[in-house]
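I opened this notebook to record what I looked up in the structure, entry by entry.

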Amino acid sequence: MLRIFHLLDHSLPLHSGYSFRTHAILKEQKNRGWHTRQITSTKQDDDKNSPVTVDGITYERSVVTPDWRQRLPVFNQLAVSRDLARCAAPLVQEFSPDILHAHSSALNGLAGITLARQFQLPLVYELRAFWEDAAVDHGTTTAGSMRYRATRMLETHVLRKADAITTICQGIRQDLIGRGLMPEKITVIPNAVDVDSFDHTSKPNPALAAELGIENKTVLGFIGSFYAYEGLDLLIAAFTKILAVKNDACLLLVGGGYQDQALRDQVAQLGLVDHVIFTGRVPHAQVSEYY
């Protein structure tokens with residue numbers, strides 16, 4: 001039976017598209033009878049020192065003693081890769097996998113390269129987004145900066161060293177082909193929806209509607225992570241015009257993320273506090289109720 005060892009940036013219980021996609025992949029592999037083991041990097045923000053089990057899937061953690069590398073730019077990023085490889089090595093030796101699967105970012109890919117060389121294993125690298133572009137969205141760098149170019153070069157290095165690549169869409173695949181990577185090396189595995197988790201025959205939940213204060217209103221909704229590339233600031237700006245012609249409209253924003261406070265400030269500045277509802281993050285199992 002196939003045995004796969006996964007290297008992750010972060011995981012549940014942290015809520016993000018990244019952690020939900022990871023969990024869905026692991027559940028499907030488990031359903032196929034494959035055995036997996038998985039560890040998160042030191043970037044895991046909570047429960048960072050103890051394994052967490054969700055739906056029978058255990059996420060192990062990289063536990064390290066902080067040193068000077070964690071305090072210096074560049075070195076602190078390389079330390080993430082080094083520490084992940086060091087923490088994963090004894091687990092890989094114990095688990096004896098057939099395949100290493102490193103998930104974005106390239107720091108995890110670097111750890112994967114180290115482990116693949118150490119244990120003579122094939123490496124799959126899964127690229128879900130261009131992290132240099134995400135950093136621009138988060139305001140931590142600018143397009144074309146030294147950090148931007150270095151991140152892109154590091155990612156390309158990992159992609160060249162991996163034995164196989166998976167990514168989430170044709171757009172990214174074409175970008176990678178443009179970097180000189182072989183098309184046959186790249187498989188697209190898009191994000192998907194488990195339709196069985198949604199009951200299309202259910203009726204709206206009046207208790208939840210009352211709790212949110214949206215009864216008898218025209219509701220515009222967004223459910224997801226609050227990142228700049230989602231364009232939620234444009235939605236809020238446009239909502240002032242929507243209200244002018246549809247005075248029973250309200251905007252329901254379910255989730256959280258980097259842009260949370262900026263969006264709340266924008267709503268206050270535009271005088272939309274009575275018309276825009278922020279729920280914060282909600283348990284994934286309850287998302288269908290909000291839909």
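**Entry 1: a loop residue.** I began with glutamine 120, which lies in the loop between H3 and S6. The model is predicted, so I took local features only where pLDDT is at least 70. Is glutamine 120 buried or exposed? Glutamine 120 has 68% relative accessibility, and exposed begins over 50%, so I put the residue down as exposed. I then looked up the backbone and found phi of glutamine 120 near 55°, a positive value in a residue that is not glycine. For context, most residues other than glycine have a negative phi.

**Entry 2: another positive phi.** I also noted aspartate 55, a non-glycine residue with a positive phi near 55°. Aspartate 55 sits in the loop that runs between strand S3 (52-54) and strand S4 (57-61).

**Entry 3: cis peptide bonds.** I looked up the bond from leucine 12 to proline 13 and found it cis, with omega near 15°. Proline 13 is in the loop between S1 and helix H1 (17-31). The bond from serine 104 to serine 105 is cis with omega near 15°. Serine 105 belongs to the loop between S5 and H3.

**Entry 4: the largest nonpolar core.** Which residues touch the most other members of the largest nonpolar core? I listed Phe5, Leu7, Ile39, Leu100, Leu115, Tyr125 and Leu176, out of 33 residues in that core. Several elements give two or more residues to it: strands S1 (3-8), S5 (99-103) and S6 (123-127), and helices H2 (75-95), H3 (106-119), H5 (146-161) and H6 (170-178). H2 supplies the largest share, 8 residues. A second, separate core has 14 residues, among them Leu232, Leu251, Leu253 and Leu272.

**Entry 5: leucine 100.** I took leucine 100 from that list and looked up its contacts, leaving aside neighbours within four places in sequence. Leucine 100 touches Phe5, Val92, Gly112, Leu115, Ala116, Leu121, Pro122, Leu123 and Val124. Of these partners, Phe5 and Leu115 are also on the list of core residues that touch the most other members.

**Entry 6: H2 against H3.** Two packed helices are described by the angle between their axes and the distance between the axes. For H2 and H3 I have axes that come within 8 Å and cross at roughly 40°. The pair is therefore oblique, and the crossing is right-handed. On the H2 side the contact is made by Gln77, Val80, Ser81, Leu84, Ala85, Ala88, Ala89, Val92 and Gln93. On the H3 side I wrote down Leu107, Asn108, Leu110, Ala111, Thr114, Leu115, Gln118 and Phe119. By class, this contact holds 11 nonpolar and 6 polar residues, and no charged ones.

**Entry 7: H3 against H5.** Next I looked up H3 with H5, whose axes come within 9 Å and cross at roughly 40°. That angle makes H3 oblique to H5. H3 passes H5 in a left-handed crossing. Ala106, Leu107, Gly109, Leu110 and Ile113 of H3 meet Leu154, Glu155, His157, Val158 and Lys161 of H5. I sorted the residues of this contact into 6 nonpolar, 2 polar and 2 charged.

**Entry 8: H8 against H9.** How do helix H8 (residues 232-245) and helix H9 (residues 260-269) cross, and at what angle? The axes come within 10 Å, and the angle is roughly 10°. Roughly parallel applies under 35 degrees, so H8 and H9 are roughly parallel to each other. H8 passes H9 in a right-handed crossing. Leu232, Asp233, Ile236 and Ala237 from H8 meet Leu263, Gln266 and Val267 from H9. The contact divides into 5 nonpolar, 1 polar and 1 charged residue.

**Entry 9: cysteine 169.** Last, I checked cysteine 169, in the loop between strand S7 (164-167) and H6. Cysteine 169 is partly exposed, with a relative accessible area of 30%. Its C-alpha atom is 7.1 Å from that of isoleucine 189, which is 20 residues away along the chain.

Conventions: Residues numbered from 1 in each chain as written. Predicted model: local features only at pLDDT ≥ 70, side-chain atom pairs only at ≥ 80, totals over all residues. Heavy atoms only, no water. Core = buried A, V, L, I, M, F, W, Y, C linked by side-chain atoms within 4.5 Å. Buried < 20%, exposed > 50% of the residue type's maximum accessible area, 1.4 Å probe, protein only. Helix = DSSP H or I, 4+ residues; strand = E, 2+ residues; numbered from the N terminus. Contact = heavy atoms within 4.5 Å. Axes fitted to C-alpha atoms, helices over the stretch in contact; angles between N-to-C directions. Parallel < 35°, antiparallel > 145°, perpendicular 65-115°, else oblique. Left-handed = near helix turned anticlockwise from the far one by under 90°. Nonpolar A, V, L, I, M, F, W, Y, C, P; charged D, E, K, R; others polar.
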